Amino acid sequence: MKIMGIDPGLKATGYGVVTVDKDGRVKPVEAGIIEPKQTGALPEKLLKIHTHLTGLVVRHKPDVLVLEKLYSHVKHPVTSSIMGHARGVICLVCAEQGLLLVEESPKRIRKAVVGNGNASKEQTCRVVAQVLKVDADKLTLDASDALALALGYASMSRGIQI
């Protein structure tokens with residue numbers, strides 16, 4: 001099974017792809033970020049996310065895309081609106097490509113991967129790097145969150161031990 005995780009954002013959208021073999025071994029395939037030009041208009045940013053993500057989906061042919069659920073925080077109310085734009089584009093790519101879309105909350109994923117739903121991005125990155133045997137210093141926080149989404153989904157849906 002091939003699983004793609006997506007951590008949406010307009011500044012940086014993290015992505016991570018893992019495979020799970022029949023014996024439950026998880027291996028990293030690719031991880032990175034999509035960074036629209038910060039000075040670009042909203043439609044240009046969304047187009048970059050759409051184009052890049054479509055290319056990734058076509059190239060990797062994942063069985064499922066795991067998307068971080070929308071959340072809002074009292075201290076940052078605009079964040080959910082901004083994330084909503086990126087999430088809409090990601091949902092559109094899934095519909096265009098006939099790809100199964102699963103949404104998971106950051107807390108649920110961090111609980112599955114780290115053992116603590118309130119783990120920090122840095123803690124999550126360290127655990128993801130350790131599980132996948134990759135260099136944590138080479139992962140951005142957005143990419144490691146995307147990999148965590150893929151790992152968490154594998155753990156929760158396939159019974160994979162992390």
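Student: What makes the side chains of arginine 25 and aspartate 21 a salt bridge?

Tutor: Their N to O distance is 3.0 Å. A salt bridge needs a side-chain nitrogen of Lys or Arg within 4 Å of a carboxyl oxygen of Asp or Glu. So the pair counts as a salt bridge. Keep in mind that this is a predicted model: local features need pLDDT of at least 70, side-chain atom pairs count only at pLDDT 80 or more, and totals for chains, interfaces and linings use all residues. Residues are numbered from 1 along each chain as its sequence is written, and side-chain values use heavy atoms, with hydrogens and water left out.

Student: Why is arginine 25 called partly exposed?

Tutor: Its relative accessible area is 47%. Buried means under 20%, exposed over 50%, and partly exposed lies in between (1.4 Å probe, protein chains only). So arginine 25 is partly exposed. Aspartate 21, with 25%, is partly exposed too.

Student: Why is the pair of glutamate 30 and arginine 59 called a salt bridge?

Tutor: Their side chains meet at 2.7 Å, N to O. The pair links distant parts of the chain: glutamate 30 is in strand S3 (residues 26–34), arginine 59 in helix H1, 29 residues apart. Helices (H or I, at least four residues) and strands (E, at least two) are DSSP runs, numbered from the N terminus. Glutamate 30 has 23% relative accessibility, so this residue counts as partly exposed.

Student: Which parts does the salt bridge of arginine 110 and aspartate 145 bring together?

Tutor: The two side chains meet at 3.4 Å, N to O. Arginine 110 lies in helix H3 (residues 106–113) and aspartate 145 in helix H5 (residues 141–158), so the pair ties together parts 35 residues apart in sequence. Both residues are buried. They also belong to a network of salt bridges with Asp7 and Lys121.

Student: How many salt bridges does a search of the whole structure find?

Tutor: Eight.

Student: What joins the side chains of histidine 50 and glutamate 96?

Tutor: A polar contact of 2.7 Å. The term covers a pair of N or O atoms within 3.5 Å; within protein, one must be able to donate a hydrogen and the other to accept it, and residues adjacent in sequence count only if both atoms are side-chain atoms. Histidine 50 lies in helix H1 (residues 42–60).

Student: How do you know that helix H2 reaches close to its expected span?

Tutor: H2 (residues 77–97) has 21 residues and reaches 31 Å from its first C-alpha to its last. The expected span is 1.5 Å times one less than the number of residues.
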